[in-house]
Amino acid sequence: MESVFTGEVSVTDVSVRRLGLHDLRDCLLLAIDRQWLPEEAKWRLLFEVGEVYGIDDPAGGLAGTAVLTRYGRRLAAVSMVLVASRYGRMGLGRRLMLRALDEAGGATVFLTATRYGRGLYEKLGFEAVGTVARHIGHLRLTPADLTHAGIRPARQADLGAVIALDAHASGATRTHLITRLFTFAERLRVVERGGEIIGFGAAWRNVDSVVVGPVIAETTALARTLITGLVNGLYGPVRLDIDTRHAELAAWAESRGALRVDATALMVHGGPLPGARDHIFTPVMVALG
Ligand SMILES: CC(C)(COP(=O)(O)OP(=O)(O)OC[C@H]1O[C@@H](n2cnc3c(N)ncnc32)[C@H](O)[C@@H]1OP(=O)(O)O)[C@@H](O)C(=O)NCCC(=O)NCCS
């Protein structure tokens, strides 16, 4: 057992444990401590599709968290790496990340890093491979945007085709996540041409915005069609996390009022990301890819 001391409080047991839904409230409080929003729906989904790890704070609540979401045996995402500000720079973030990497068992692991986390991930061998920009705003769509050839709400019968489309783009089978998305999302749309599903998109409601993700398509035009179909008539500001390599989509989003507010680095550990990544215009959420 190791000790970490910080003023009056000490973490006498810095062992990492698997958290359960009963820890949800403490996860939200930890997020608030770091000026993150208490995103309850998002955490609930992560508890369902991923594994949440944490370090207890002997003073009560949690001192840190990290979430590992596996996509088969070869790919995994890490997210919600949070350490309470009172325990910053004492090695807890590193401890949580080492546990997540250990649990990943040699899979390629990816995450998006804030400027606070980047130094930690680099030390652990992660490499930056891209940038994901967060765009937020009320989309002002034009009549031309609203010509939606072939777009329609997704039906349960589309699930298999959507899972296959997602698997091609992400390079891993994400059956559990995509299946859950069919009830988690507020809206689901597919584009069908010649009897084939060629595009898929979802929009789900977070605390401060409606997140449009994933958007999976072969072309920017198709991605735009999906986004407009998803947000048209929706209440509230929209959030789009756009990989900066999709400059055309980012420019269109900006021109319609979804302004770039900040960006995170896409980082990878243990090999390149698989799949036809350029078909992913926005992720389900940055926590999941
Ligand atoms: C990022 C975060 C999880 C780091 O946790 P932590 O417990 O403070 O990190 P550690 O003490 O394990 O740091 C390990 C190493 O990471 C690097 N590091 C950690 N915080 C850093 C910072 N703010 N700036 C630069 N490097 C940093 C350092 O190299 C550090 O080693 P050192 O202290 O020996 O120099 C924590 O600062 C945090 O919760 N920040 C707010 C939320 C956030 O942005 N999370 C990242 C999401 S991607």
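I will go through the domains, then the pockets and the cavity, and finally one group of strands.

Before that, a word on the basis: this is a predicted model, in which local features need pLDDT of at least 70 and side-chain atom pairs count only at pLDDT 80 or more, while totals for chains, interfaces and linings use all residues. Residues are numbered from 1 along each chain as its sequence is written, and side-chain values use heavy atoms, with hydrogens and water left out.

Let me begin with the domains, whose bounds come from an automatic or database domain assignment. That assignment gives domain 1 (4-106) and domain 2 (134-264 + 272-282). Their C-alpha centres lie 29 Å apart, and twelve residues of domain 1 are in contact, meaning heavy atoms within 4.5 Å, with 16 residues of domain 2.

Now to the open spaces, where I need to be careful about words. On a 1 Å grid over the protein atoms alone, a cavity is a set of points where a 1.4 Å probe fits but cannot get out, whereas a pocket is an open set with protein on both sides within 12 Å along at least five of seven lines, and lining residues have an atom within 4 Å of a point. Grid points are joined across faces, edges and corners, and a volume is the space filled by probe spheres set on the points.

Where does the largest pocket lie? Both domain 1 and domain 2 give residues to its lining, so the largest pocket lies between them. Its volume is about 1500 Å³, and of the 49 residues that line it, W36, V81, T114, Y116 and G117 are the closest to its centre. Strand 6 supplies the largest share of this lining, six residues; helices (H or I, at least four residues) and strands (E, at least two) are DSSP runs, numbered from the N terminus. The lining divides into 23 nonpolar, 13 polar and 13 charged residues, where Ala, Val, Leu, Ile, Met, Phe, Trp, Tyr, Cys and Pro count as nonpolar, Asp, Glu, Lys and Arg as charged, and the others, Gly among them, as polar.

The second largest pocket holds about 150 Å³ of space, and among the residues that line it are L165, H168 and E196. Strand 11 gives the largest share of that lining, three residues.

The count comes to one cavity of 30 Å³ or more. The largest cavity has about 200 Å³ of space, and its lining of 15 residues has V132, D243, L266, I280 and P283 nearest the centre. Here strand 15 (280-282) supplies the largest share, three residues.

Finally, the strands, which pair if DSSP finds at least two bridges between them. Why is strand 10 (residues 187-193) described as largely enclosed by the rest of the structure? Five of its seven residues are buried, so strand 10 is largely enclosed, and buried means under 20% relative accessible area, exposed over 50%, partly exposed in between (1.4 Å probe, protein chains only). Three bridges join strand 10 to strand 9 (residues 151-153), antiparallel to it, with R152 opposite V190. Seven bridges join strand 10 to strand 11 (residues 196-205), again antiparallel, and R193 has E196 as its bridge partner. Strands 10 and 11 form a hairpin with two residues between them, and G194 in the turn has a positive phi of about 60°.
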